[in-house]
Amino acid sequence: MADITETLENVAQQEIPKRYMALLTAARSIEEERLHRKQRLAAAFRLFSKCGFDEGVAGHITARDPEDANLFWVNPFGMHFSQISVSDLICVDHTGKVVEGDEPVNRAAYAIHSQVHAARPDVVAAAHAHSLYGKTLSSLPVLVEPLTQDACAFYGDHVRFDDFSGVVLDTEEGKKIAHALGDSKAAILRNHGLLTVGLTVDEAAWWFITMERSAQSQLIAYAAGTPITIDDENASLTASQVGSHAAGWFNFQPLYERITREQPDLLD
Ligand SMILES: [Zn+2]
């Protein structure tokens, strides 16, 4: 968690409440950190379902194991996001083998996420789903534009991957996606959907949620007229305010509290 606490100074104009700061900076054993990540992961799936990001069996969020960096936790293939609890999560190694859990892994989850985790040692979590507005925006030759304060979180910090060639089933394709992602927090996969990453599960999940909403907002703006874009200087400033690792993490906290209160069985 050292990386994220260092970024706290970048959170301009807001002070993170003490109860959240304690959570963010807490020292945890490996076992505690693993459980913490799995709880956040299960909560993220429930939230994705609540947001309507489920499309049949598509979509995956991964959390790197805190002990073995080559392992990641992910949803079992074919289980609805709304029904995923901590004990349902499976652990997959760098060859795609399920090393914990009885359910299979979605081949695309392995192909994409293993390569993103390998290329980005700083990244703890990655999220991808076939959400409606994200996939619609991906079919247009555009980025998420700085049309609103919230959308500025992605200003200069996301990419397009313009190489659609069917369902991503091999790691070579995943490697290309990871290469395109570079140091960014997100990618628009053309004709496919959104992909986000973070130093925490919380952050990756929040970027996905807010990126999808920014895509929706952008499409509505296009349909309604000719939107006014925030100028470069102000978009950059706003990005530094709303786009930091800590800001991404912080935005997820009330959502986590809401979903664990509404659906406490997710922690089982
Ligand atoms: Zn997909």
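Helix H4 (residues 107-119) has 13 residues, which at 1.5 Å a residue should span 18 Å, and its end C-alpha atoms do lie 18 Å apart. The expected span is 1.5 Å times one less than the number of residues. Helices here are DSSP runs of H or I with at least four residues, strands are runs of E with at least two, and both are numbered from the N terminus. The model is predicted: local features need pLDDT of at least 70 and side-chain atom pairs pLDDT 80 or more, while totals for chains, interfaces and linings use all residues. Residues are numbered from 1 along each chain as its sequence is written, and side-chain values use heavy atoms, without hydrogens and water.

Ten of the 13 residues of H4 are buried, so the helix is largely enclosed by the rest of the structure. Buried means under 20% relative accessible area, with a 1.4 Å probe and protein chains only. Among the buried residues are Tyr 110, Ile 112, His 113 and His 117. Their cover includes strands S1 (60-64), S2 (72-74), S3 (90-92), S5 and S8, together with helix H6 (171-181).

The zinc ion is coordinated by the NE2 atoms of His 128, His 130 and His 192, at 2.0 to 2.1 Å. Along the chain these donors follow the spacing H-x1-H-x61-H. Donors are N, O and S atoms within 2.8 Å of the metal (3.2 Å for Na, K and Ca); water is not among the atoms, so a site may look incomplete. His 128 in S5 (residues 125-129) and His 192, in the loop between S7 (186-189) and S8 (193-198), are 64 residues apart, and the pair links distant parts of the chain. His 128 counts as buried because its relative accessibility is 1%; His 192 is buried too, at 14%.

His 192 also touches Ser 138, a residue of helix H5 (residues 132-138). Ser 138 is buried, with a relative accessible area of 0%. Beyond its neighbours within four places in sequence, Ser 138 is in contact (heavy atoms within 4.5 Å) with residues including Arg 160, Ile 188, Asn 191 and Gly 193.

Elsewhere, helices H3 (residues 30-50) and H9 (residues 245-262) pack at an angle of about 85°, their axes 10 Å apart. They are therefore roughly perpendicular, a label for angles of 65 to 115 degrees. Axes are lines fitted to C-alpha atoms over the stretch in contact, and angles run from 0 to 180 degrees between N-to-C directions. Ala 43 and Leu 47 are among the H3 residues of this contact, and Phe 252 and Ile 259 among those of H9.

Terms used:
Parallel < 35°, antiparallel > 145°, perpendicular 65-115°, else oblique. Buried < 20%, exposed > 50% of the residue type's maximum accessible area, 1.4 Å probe, protein only.
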